[in-house]
Amino acid sequence: APPVEVAPYKLIFEANKCFGAGKCAEVSDNWELSIQTGIAQPNVYFFGEDDLDHNVRAAEVCPAKKDRGVIHVIDRRTDEEIAPDPNGDGTVSVDW
């Protein structure tokens, strides 16, 4: 991973729970939906402020896990979940 100072945000992607709705790819240039697998995939997992908004949007629009999403944007400086944060407390809502 790049240094936190360079890329303070990271994605955690629960690919095993993605069902290929493609909403993430509609709102973020970082996300692509594979025609072959039917699964989304990010181009990068670590990024800076310039790419924060559209990755947050991708996490928020993901309908998987009954709208709790499978894309998680994490602030590497605090280890808090920025999006989707369904519990509203910053804890990571990954469900392996």
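A: Phe-13 is buried, with a relative accessible area of 11%. The model is a predicted one, and what follows is to be read with that in mind.

A search of the whole structure finds 2 aromatic pairs. In one of them, the ring centres of Tyr-9 and Phe-47 lie 5.9 Å apart with the planes at 25°, so this pair is stacked. Tyr-9 belongs to strand 1 whereas Phe-47 belongs to strand 4 (residues 46-47), so the contact ties together parts that are 38 residues apart in sequence. Tyr-9 is buried at 4% relative accessibility, and Phe-47 is buried at 3%. In the pair of Phe-13 and Trp-31, the ring centres are 5.0 Å apart and the planes stand at 75°, so the arrangement is edge-to-face. This pair, too, links distant parts of the chain, with Phe-13 in strand 1 and Trp-31 in strand 2 (residues 31-33), 18 residues apart; Trp-31 counts as buried at 2% relative accessibility.

Strand 5 (residues 71-75) is largely enclosed by the rest of the structure, because 5 of its 5 residues are buried. Both of its faces are covered, with Ile-71, Val-73 and Asp-75 buried on one side and His-72 and Ile-74 buried on the other. Asp-75, at a relative accessible area of 11%, forms a salt bridge with Arg-77, the closest N and O atoms being 3.0 Å apart, although Arg-77 is partly exposed at 48% relative accessibility.

The count of salt bridges comes to 2, and one of them joins the side chains of Glu-14 and Lys-65 at 2.8 Å, N to O. Glu-14 lies in the loop between strand 1 and helix 1 (23-27) and Lys-65 lies in helix 3 (residues 64-67), so this pair ties together parts that are 51 residues apart in sequence. Both Glu-14 and Lys-65 are buried.

Notes: Residues are numbered from 1 along each chain as its sequence is written. This is a predicted model: local features need pLDDT of at least 70, side-chain atom pairs count only at pLDDT 80 or more; totals for chains, interfaces and linings use all residues. Side-chain values use heavy atoms; hydrogens and water are left out. Buried means under 20% relative accessible area, exposed over 50%, partly exposed in between (1.4 Å probe, protein chains only). Helices (H or I, at least four residues) and strands (E, at least two) are DSSP runs, numbered from the N terminus. A salt bridge is a side-chain nitrogen of Lys or Arg within 4 Å of a carboxyl oxygen of Asp or Glu. Rings of Phe, Tyr and Trp (its six-membered ring) pair if their centres lie within 6.5 Å; planes under 30 degrees apart count as stacked, over 60 as edge-to-face and the rest as tilted.
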